[in-house]
Amino acid sequence: MILQVLGTAAAEGWPALFCECEACRKAREAGGNDIRRRASYQLGDTIHIDWGPDSYNSMIAFGLDYSPLRHLLVTHAHQDHWMPIELSWRRPGFSKIAAGSHLNIYGNAKVGQRLAAELEGTPEACAMSFSQIEAFGELDLGDATAVALPARHAPDQQAFIFLLAVGGSEVLIGHDTGWFADEVWEYLASRRLSYALLDCTYGTNDLREGHMGGAAVIETARRLEDLGALAEDCRVIATHFSHNCLKMHDELAEYFAAHGIEVAYDGMEVEV
Ligand SMILES: [Zn+2]
Ligand SMILES: [Zn+2]
Ligand SMILES: [Zn+2]
């Protein structure tokens with residue numbers, strides 16, 4: 001099955017909507033891997049992670065078909081990851097949905113509140129339902145299973161990172177978190193990750209509160225390895241970059257290359 005990384009930017013995208021900084025100017029000129037949408041992922045045909053303002057754009061850019069989607073995991077309710085109005089177009093008159101088609105949405109209490117407010121309390125009319133999830137809760141997604149691990153991110157809500165088990169692979173979707181909490185390290189010590197996608201909002205700056213920068217990504221990879229949590233051929237991939245870090249894709253790739261860490265780009269596909 002293919003896991004596709006659809007967006008690799010922080011909240012305002014890269015180039016950011018109105019930004020005149022050097023990094024946004026360069027991205028507008030260079031295009032390609034320096035264009036970064038807001039974070040989301042597609043796993044196979046039926047599973048999606050986060051639903052931000054670039055869902056429609058990703059569908060067009062990467063030739064996706066969302067009609068078979070059955071499970072949507074939402075890491076947290078920040079606007080760059082959760083834009084429920086874009087699910088409202090599932091309702092009659094806006095989309096023809098096959099009989100029996102149903103989208104299960106999983107997230108924290110705030111994700112549920114924003115969904116209910118945006119849809120005026122009627123997700124059923126859009127053939128959807130919402131389930132609130134708790135830290136370390138396990139989810140059966142049909143083609144995969146997921147465990148919600150507590151992120152260190154938003155003080156006003158419990159954000160999650162997700163550990164997916166699909167085929168023979170374990171995949172950590174680890175954006176929007178600072179340095180992991182002790183119980184997350186403990187949990188991961190019992191796993192064998194084939195892929196670890198890690199938050200690198202701060203680029204090569206050494207910060208680790210709420211998000212992470214390069215040194216924290218490198219230390220996280222090293223600690224996971226020391227704990228025996230990485231499969232032998234595990235690929236560690238940095239993602240969720242802010243233009244404020246002022247490092248373009250090739251510069252980030254060079255910075256991480258010595259540590260065996262890859263840099264995500266929009267449209268990146270990995271086989272799981
Ligand atoms: Zn984010
Ligand atoms: Zn900028
Ligand atoms: Zn966030």
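**The sheet and its surroundings**

In this predicted model, an open sheet is built from 7 strands, arranged in the order S7-S8-S9-S10-S11-S12-S13 with mixed pairing. Strand S7 (138–140) and strand S13 (261–263) form the edges, and because each has a single partner strand, one side of each is left without a neighbour in the sheet. From one strand to the next, the twist averages 20°.

Within this sheet, strand S10 (residues 169–174) and strand S11 (residues 193–199) run parallel and are joined by 4 bridges, with Val171 standing opposite Tyr195 in S11. Helix H5 (residues 214–226) packs on the sheet, where it touches S11, strand S12 (230–239) and S13, and its direction makes about 165° with that of S12. Helix H6 (residues 249–257) also packs on the sheet, touching S12 and S13, and its direction makes about 175° with that of S13.

Some details of the backbone deserve attention, since most residues other than glycine have a negative phi, and most peptide bonds are trans. His240, in the loop between S12 and H6, has a positive phi of about 60° although it is not a glycine, and this residue counts as buried because its relative accessibility is 1%. Ala127, in the loop between helix H3 (109–118) and strand S6 (128–132), likewise has a positive phi, near 55°, and counts as buried at 18% relative accessibility. The peptide bond from Trp14 to Pro15 is cis, with omega near 0°, and Pro15 lies in the loop between strand S1 (2–7) and helix H1 (22–30).

Notes:
Residues numbered from 1 in each chain as written. Chains lettered and ligands numbered in written order. Predicted model: local features only at pLDDT ≥ 70, side-chain atom pairs only at ≥ 80, totals over all residues. Heavy atoms only, no water. Pairing = 2+ DSSP bridges. Helix = DSSP H or I, 4+ residues; strand = E, 2+ residues; numbered from the N terminus. Axes fitted to C-alpha atoms, helices over the stretch in contact; angles between N-to-C directions. Contact = heavy atoms within 4.5 Å. Buried < 20%, exposed > 50% of the residue type's maximum accessible area, 1.4 Å probe, protein only.
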